[in-house]
Amino acid sequence: MFATGQGRKTDATDAHSIALVGTRMAGLRPVVNDEQLALLRILVDRRRSLGEDHTRMVSQLHQLLLELIPGGTKKSPSAAQAKALLATVKPRGMVGKARRRVAAELISDLERVYRLQ
């Protein structure tokens, strides 16, 4: 739209172009601090964070179950399914016991999150 001579697209070039358009156009609505928009942004960010946390915990639990159970398990077991599988595992070594303990903690965390929903 407004050539700066660079021929490359950058955030700075985009910002400059938008600022020029804003100063030369009539009838643009002013930006206002909208509390409802801020509230929605906070809630959306929290929901996204919860989803990312859930995905991370399920992936970590899946990895631990793969290491504890010969033949592994399905990719996204529910907390109840993972708990039932974990009950069948009796590791002997320290590493296996640590894996089992961390898996049990992850299952507890997932159950707690689902109770809150």
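How many helices and strands does the protein have? The model is a predicted one, in which local features need pLDDT of at least 70 and side-chain atom pairs count only at pLDDT 80 or more, while totals for chains, interfaces and linings use all residues. Residues are numbered from 1 along each chain as its sequence is written, and side-chain values use heavy atoms, with hydrogens and water left out.

The protein has 4 helices and 0 strands, where helices (H or I, at least four residues) and strands (E, at least two) are DSSP runs numbered from the N terminus. Along the sequence the pattern is α-α-α-α. The radius of gyration is 25 Å, well over the 13 Å that the globule rule gives for 117 residues, so the protein is more spread out than a compact globule. This radius is taken over C-alpha atoms, and the rule is 2.2 Å times the number of residues to the power 0.38. The C-alpha atoms fill a box of roughly 75 × 35 × 25 Å along the principal axes.

Of the 117 residues, 20% are buried (under 20% relative accessible area, with a 1.4 Å probe and protein chains only). The largest nonpolar core has 15 residues, and Leu61, Leu65, Leu86, Ile107 and Leu110 have the most contacts inside it. Such a core is a set of buried Ala, Val, Leu, Ile, Met, Phe, Trp, Tyr and Cys residues joined through side-chain atoms within 4.5 Å. Two or more residues of this core come from each of α2 (35-68), α3 (79-87) and α4 (94-116), and α2 gives the largest share, 6 residues.

Beyond its neighbours within four places in sequence, Leu65 is in contact with Thr73, Pro77, Ala82 and Leu86 (heavy atoms within 4.5 Å).

How values were computed. Buried < 20%, exposed > 50% of the residue type's maximum accessible area, 1.4 Å probe, protein only.
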